[in-house]
Amino acid sequence: MNDRRDAILRVEELHTQFLTSHGPVHAVNGVSFEIRPGETLGLLGESGSGKSTIGLSMLRLLPPGRGRISGGRVLFGGEDLVTASEKRMRRLRGRDIAMIFQESLSALNPVYTIGEQIAEVIRQHERLDRRAAMKRAAEMLEMVGMPDPGRRLGEYPHELSGGMRQRVVIAAALACQPKLLIGDEPTTALDVTVQAQILDLIADIQHRTGMAVLFITHDLGVVAEIAHRAIVLYAGRVVEEADTQSLLARPRMPYTQGLLRSLPQFAKGHRLAAIPGAVPNPRSLPTGCAFHPRCQEAKADCAQTLPALTEAGDGRRVRCLHWHNIAQDMDLRVRA
Amino acid sequence: MNVLRTNQLAASEATTPLPPLLEVANLQKSFPVRHGLLGRPTATLKAVAGVSLQVFPGEIVGLVGESGSGKTTTGRCLLRLVESSAGSIKFDGVDLMGLSARELRRFRRRMQIIFQDPYDSLNERMTIGDLVGEALTIHGLAVGAVRRDRIFELLQQVGLGSEFADRYPHTLSGGQRQRVGIARALAAGPQFLVADEPVSALDLSVQAQILNLLLDIRDRLNVGMLFISHDLSVVRFIADRVLVMYLGKIVESAPAAALYERAAHPYTQALLSAAPFVGEGQPRQRIRLLGDLPSPVDPPTGCVFRTRCPSATAECSANEPPMRPVGPNHFAACIHLTAS
């Protein structure tokens with residue numbers, strides 16, 4: 001399982017910068033991880049953590065002239081996407097790697113029908129005539145649980161609800177059976193009942209096709225629900241990685257512990273154990289461990305030394321100077 | 001602590017029945033649906049279809065629902081930010097619906113709103129001090145040094161130091177902005193607050209700080225609050241009582257703990273089961289709801305939830321189910337329920 005050759009995707013020491021009027025801002029500061037076929041990796045972070053930038057960097061979709069990859073490799077099946085030609089990237093995007101975003105309405109073109117848009121994706125990558133592509137589009141809509149798919153083909157995006165539009169986006173993303181699906185908060189704008197349907201749908205399709213999924217989210221609940229393994233990001237760095245169950249039951253990094261304690265369902269008494277302060281501005285990151293100004297466990301050395309991402313056994317990694325001295329037992333019984 | 005407070009509330013109710021601060025009966029709001037910009041209205045959209053509720057002083061009532069449920073419109077109607085189509089809203093015994101615009105102004109300072117988006121709701125050209133002091137000026141409550149001291153006090157109250165008074169919104173984080181939004185709402189000394197998704201736009205670590213702050217404010221100022229949210233776990237934590245809304249109607253009303261332990265309405269049960277689960281033990285058996293929310297332009301006959309309800313029968317389309325008692329202070333609108 002841990003054999004490195006198994007991974008379909010390996011991100012190595014990825015660095016991404018944004019150029020601003022105040023100089024370069026380091027959004028991603030040396031992030032490494034890998035995903036295996038059939039696996040869902042959760043990328044968990046708050047605003048400014050760099051989670052969305054990682055997704056955009058992997059597909060080379062950073063805003064031209066403003067964002068750039070300043071170091072590292074993104075190995076997809078052994079090929080480095082950082083140095084691949086734009087032509088090669090166009091072949092890979094949508095066919096081998098698909099990405100879905102939070103805003104499904106902006107991902108769809110309002111003047112084309114649902115069917116035309118899915119068929120278009122298919123015909124970009126496969127030699128199929130219009131009719132065959134439409135037939136495949138209908139099959140895709142059926143697979144994503146769209147009622148009455150034949151009729152829906154002729155409808156326009158505005159005629160659908162948010163949940164149905166997100167299904168269309170997923171249908172288009174999966175039309176060419178990608179090996180890797182990247183979802184950037186794909187269920188965040190949806191109601192919980194619809195979110196549950198979409199999470200089930202993605203897991204279902206993964207089960208059938210064996211695709212790998214990178215699920216980018218701020219929501220611990222969504223990670224708990226869908227990810228096999230999860231990475232916690234803070235200020236552009238990986239601060240903890242573990243299989244989802246251990247991460248949520250025995251978090252080791254004080255930041256992850258703080259996030260879990262912030263959840264209303266774990267309130268002790270009638271106040272929440274909030275993390276003080278706010279996430280740091282990427283323009284002026286704290287020295288040493290970026291979390292130290294907000295950390296209850298911080299010692300003097302935390303302000304000086306940037307902790308390395310350390311192996312902590314059982315395939316876990318943690319970025320904290322004092323992780324072995326920090327209590328790991330959290331009482332995560334849901335409040336009665 | 002919560003239990004203690006609720007008991008005290010119950011005890012005081014038993015001796016001298018406290019009148020509700022806010023009493024809403026059969027509130028309705030319809031919007032005309034037009035085709036084209038100037039077209040004739042061709043249909044009506046019933047955003048709020050007969051909502052009744054009460055909020056007592058010092059009580060936080062949670063209003064939970066998904067998008068399109070009418071929860072935000074309900075909140076706006078209560079403050080007459082949106083004019084209701086029918087029903088009555090009594091605030092401190094006075095019927096707000098009968099008030100003229102001028103009379104209403106005197107009540108405005110006693111009822112305030114906290115908005116969801118701390119990025120959109122603050123004027124970027126004003127200093128934090130002026131933003132917080134705006135209500136003091138509008139209602140003629142304080143000028144000069146008194147006004148300045150009151151602004152400092154309000155900033156302190158929401159956990160921002162007086163040094164924030166000279167800063168501008170763009171220098172603040174999302175959580176700090178929401179604190180400013182709360183200070184603005186408190187400036188005129190309200191007795192009742194509508195908090196409309198006040199933490200939905202915030203990071204998890206900051207959300208907890210703001211929820212704690214709202215509880216501090218309730219405890220200190222004894223304000224009544226309608227807390228509108230789509231997030232069941234947030235509402236469970238903060239609210240004393242919870243109302244569940246679906247397609248313009250309240251389908252269940254219960255004390256917070258009872259709602260989460262013994263949800264009676266099939267919609268509430270589905271909503272609870274759909275929420276992602278973090279923690280020890282087994283997640284709830286997920287109840288899958290089919291399809292989407294029906295259009296509020298053409299709501300189902302009888303029970304509005306029947307088209308997606310796993311327990312719907314033929315009778316559900318006949319009549320609108322009334323709210324029926326299912327436990328102490330616990331009501332649900334479903335004909336298939338029996339009192340427990």
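In this predicted model, the contact between the two chains draws on 36 residues from chain A and 33 residues from chain B. On the side of chain A that touches chain B, at least two residues come from each of α7, α8, α9, α10 (244–249) and α11 (254–262) of chain A. The element that gives the most to this side is α9(A), with five residues, and when the side of chain A that touches chain B is sorted by class, it holds 19 nonpolar, eleven polar and six charged residues.

One of the contributing elements, helix α8 of chain A, can be followed in more detail. Within α8(A), the buried residues are Val192(A), Thr193(A), Val194(A), Gln195(A), Ala196(A), Gln197(A), Ile198(A), Leu199(A) and Ile202(A). These buried residues of α8(A) pack against α7 (162–174), β8 (212–217) and α9 (220–226) of chain A, and also against α10 (266–274) of chain B, so numbered in that chain. After α8(A) comes Gly210(A), a residue whose phi is positive, near 75 degrees.

Turning to the domains, the assignment for chain A gives domain 1, spanning 107–177, and domain 2, spanning 251–325. Between the C-alpha centres of domain 1 of chain A and domain 2 of chain A there is a distance of 43 Å.

Notes:
Residues are numbered from 1 along each chain as its sequence is written. Chains are lettered from A and ligands numbered from 1 in the order in which they are written. This is a predicted model: local features need pLDDT of at least 70, side-chain atom pairs count only at pLDDT 80 or more; totals for chains, interfaces and linings use all residues. A residue is buried if 20 or more other C-beta atoms lie within 10 Å of its own, exposed if 12 or fewer, and partly exposed in between; C-beta atoms are placed from the backbone. Helices (H or I, at least four residues) and strands (E, at least two) are DSSP runs, numbered from the N terminus. Two residues are in contact if their C-beta atoms, placed from the backbone, lie within 7 Å. Domain bounds come from an automatic or database domain assignment. Ala, Val, Leu, Ile, Met, Phe, Trp, Tyr, Cys and Pro count as nonpolar, Asp, Glu, Lys and Arg as charged, and the others, Gly among them, as polar.
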